[in-house]
Amino acid sequence: HTHTYTHTAAMDKLIAASKKTKTSSSSPAMSAVSDLSSSLNDSSPSTPPISGLLRKKSSRRWSKLKAMSQTVSAFNDIAKKRKEAMDQWSDMQDQAKNRRKLLESKLASKKFEIAVKDANSYLHSKLNEVQMEDEDPHADVTEKIRQHESFEAEVNGFNATVKNLEQRGADLVDEGHATTQLVDDLLGGLNDLWNDLKEAMD
């Protein structure tokens, strides 16, 4: 009986030692599995799920693209306004050039009219002198001849003025500063007076 008890005690110790060794050897692996499971199942706010991270990243990317789009749109608006301003400036310059051309045309035409009127006044005065000279029967013949020669030289020198006015009139028509009708009317009256004066001198 004492032998059986001793054998049973020895067996109990052996089984206990075996369980202890098994538990000790399997503990690290079980601990790792437990930790991994806990990590995967952890739903605390400090560890957001993967889908949430992807949504945040996509949202940031969309915000950047939207900002870039707005920047491009702003640049396009600036370019459009700049083009509109440049077009307006170009139109203003064209209008200013046209107004200046019109004023220059009017000025050139007016100067020509004044020059022709001055020439007409001169021819009228010389035509009156010729008529007064012929009406004076008591004038000294020698003096009369001298005055006529001086008068004739002066009038012949005026021929250059008449030719110059004719050329100016033609230039005004070619350059669009005056109409053909206006120039023809002015020069027609001038030439009529000029011819009348030459006939009176003969």
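This is a short tour of one chain, stop by stop, with something to select at each.

**Start with the whole chain**

The model is predicted. Colour it by secondary structure. The chain has four helices and zero strands. Along the sequence the pattern reads α-α-α-α. Now show the surface. Of the 202 residues, 16% count as buried. Contacts come next. Among those with a separation of 6 or more, 84% join residues 24 or more positions apart.

**Select helix 2, residues 50-134**

Stay on this helix for several stops. Go to Asn120, which is in helix 2. Is Asn120 buried or exposed? It counts as buried, because its relative accessibility is 17% and the cut-off for buried is under 20%. Show what surrounds Asn120. Beyond its neighbours within four places in sequence, Asn120 is in contact with Gly189, Leu190 and Leu193.

Next, pick Glu113, also in helix 2. Glu113 is buried yet has no salt bridge. Which side chain of opposite charge is nearest to Glu113? That is Lys110, 4.6 Å away. A salt bridge needs a nitrogen and a carboxyl oxygen within 4 Å. Leaving out residues up to four places away in sequence, Glu113 touches Leu182 and Leu186.

**Find the salt bridges**

Side chains of opposite charge can pair when their charged atoms come close. How many salt bridges does the structure hold? There are four.

Select Asp87 and Lys83. Their side chains meet in a salt bridge, 3.1 Å from N to O. Both residues lie in helix 2, four residues apart, about one turn of the helix. Asp87 counts as partly exposed, at 37% relative accessibility. Lys83 is exposed, with a relative accessible area of 52%.

Move to Glu104 and Arg100. Here the salt bridge spans 3.2 Å, N to O. This pair also lies in helix 2, four residues apart, about one turn. Glu104 is partly exposed at 40% relative accessibility, and Arg100 is exposed at 59%.

Now take Lys126 and Glu129. Their closest N and O atoms are 3.5 Å apart, in another salt bridge. Why are the two separated by about one helical turn? Because they stand three residues apart in helix 2. Lys126 is buried, with a relative accessible area of 8%, whereas Glu129 is partly exposed at 37%.

**Finish on the negative patch**

Select Glu149, Glu152, Asp192, Asp196, Glu199 and Asp202. Together these residues form a negative surface patch. Which helices each supply at least two residues of the patch? They are helix 3 (141-174) and helix 4 (180-201). Helix 4 gives the most, with three residues.

Zoom in on Glu152, which is found in helix 3. Glu152 counts as partly exposed, because its relative accessibility is 32%. Patch residues must have over 30% relative accessible area and no salt bridge.

**Before you close the viewer**

Glu113 is buried. Glu152 is partly exposed and belongs to the negative patch. Then bring back Lys126, which is buried and forms a salt bridge with Glu129.

Notes. Residues numbered from 1 in each chain as written. Predicted model: local features only at pLDDT ≥ 70, side-chain atom pairs only at ≥ 80, totals over all residues. Heavy atoms only, no water. Buried < 20%, exposed > 50% of the residue type's maximum accessible area, 1.4 Å probe, protein only. Lys, Arg positive; Asp, Glu negative; His and termini not counted. Contact = heavy atoms within 4.5 Å. Patch = residues over 30% accessible without salt bridge, like charges linked within 9 Å, V, L, I, M, F, W, Y side chains within 5 Å. Areas by Shrake-Rupley, 256 points an atom, 1.4 Å probe, with all protein chains shown as cover. Charge placed at Lys NZ, Arg CZ, Asp CG, Glu CD.
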